[in-house]
Amino acid sequence: MNTGRIVIVGGGIVGAAIFHRLAAEYGSRVLLLERSIPAFGATGFSGGILRAFHTDPALAADCALGLTAYARLVRAHGADFAVN
Ligand SMILES: Cc1cc2nc3c(=O)[nH]c(=O)nc-3n(C[C@H](O)[C@H](O)[C@H](O)COP(=O)(O)OP(=O)(O)OC[C@H]3O[C@@H](n4cnc5c(N)ncnc54)[C@H](O)[C@@H]3O)c2cc1C
């Protein structure tokens, strides 16, 4: 059985999203390291806008996945979320 640890460096949206996904599967084996406070980098300055459209089909597909993921988070945690 593999009992190694998974270490994620950086507590911005990317690190936090990876942590959220992996912790659900691996629990306390997953460690998130942040040099300051969560969202200390670009994430803390973001406008919080979720893009729904893109001219590049691959990025448009990513946008759709992102919106679906946020809607799932709202259902799971009751976060504040609006679609305009
Ligand atoms: C002003 C502004 C507005 C924006 N508005 C939007 C928006 O409306 N919508 C949108 O989708 N995107 C927006 N963006 C872009 C978006 O914020 C970034 O693409 C996204 O936050 C990047 O996330 P990240 O996790 O990759 O990086 P970051 O949020 O920068 O996270 C990196 C983290 O790693 C930590 N770190 C770095 N080095 C180490 C180390 N050696 N050890 C431990 N921790 C470390 C940092 O402290 C930081 O917390 C905006 C960006 C800016 C600057």
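## The loop that holds Ala 39

Ala 39 sits in the loop that runs between strand S2 (30–33) and helix H2 (57–77), where helices (H or I, at least four residues) and strands (E, at least two) are DSSP runs numbered from the N terminus. Although Ala 39 is not a glycine, its phi is positive, at about 65°. Ala 39 counts as partly exposed because 16 other C-beta atoms lie within 10 Å; by this scale a residue is buried if 20 or more other C-beta atoms lie within 10 Å of its own, exposed if 12 or fewer, and partly exposed in between, with C-beta atoms placed from the backbone.

This is a predicted model, in which local features need pLDDT of at least 70 and side-chain atom pairs count only at pLDDT 80 or more, while totals for chains, interfaces and linings use all residues. Residues are numbered from 1 along each chain as its sequence is written.

## Strands S1 and S2

Strand S1 (residues 6–9) pairs with S2 in the parallel sense over 4 bridges, pairing being assigned if DSSP finds at least two bridges between two strands. The chain passes from S1 through H1 to S2, and this β-α-β crossover is right-handed, a term used if, with the strands pointing away from the viewer, the path from the first strand over the helix to the second runs clockwise. Within the pair, Val 7 stands opposite Leu 31 in S2, and Val 9 has Leu 33 of S2 as its bridge partner.

Helix H1 has 14 residues, which at 1.5 Å a residue should span 20 Å, and its end C-alpha atoms are 19 Å apart, in agreement; the expected span of a helix is 1.5 Å times one less than its number of residues. H1 is followed by Gly 27, with a positive phi near 55°, and H2 is followed by Gly 78, with a positive phi near 70°.

Val 14 lies in H1 and is partly exposed, since 13 other C-beta atoms are within 10 Å; Val 14 and Leu 31, 17 residues apart in sequence, are 14 Å apart from C-alpha to C-alpha. Ala 24 also lies in H1, but Ala 24 counts as exposed because it has 9 C-beta neighbours inside 10 Å, and its C-alpha atom is separated by 18 Å from that of Gly 10, 14 residues away along the chain.

## The ligand shell

Of the 20 residues around the ligand, those that come nearest are Gly 10, Gly 12, Gly 41, Thr 43 and Gly 47, where a residue is near a molecule if its C-beta atom, placed from the backbone, lies within 6 Å of it. Helix H1 (residues 13–26) gives the largest share of this shell, 3 residues. By class, the shell has 8 nonpolar, 10 polar and 2 charged residues, with Ala, Val, Leu, Ile, Met, Phe, Trp, Tyr, Cys and Pro counted as nonpolar, Asp, Glu, Lys and Arg as charged, and the others, Gly among them, as polar.
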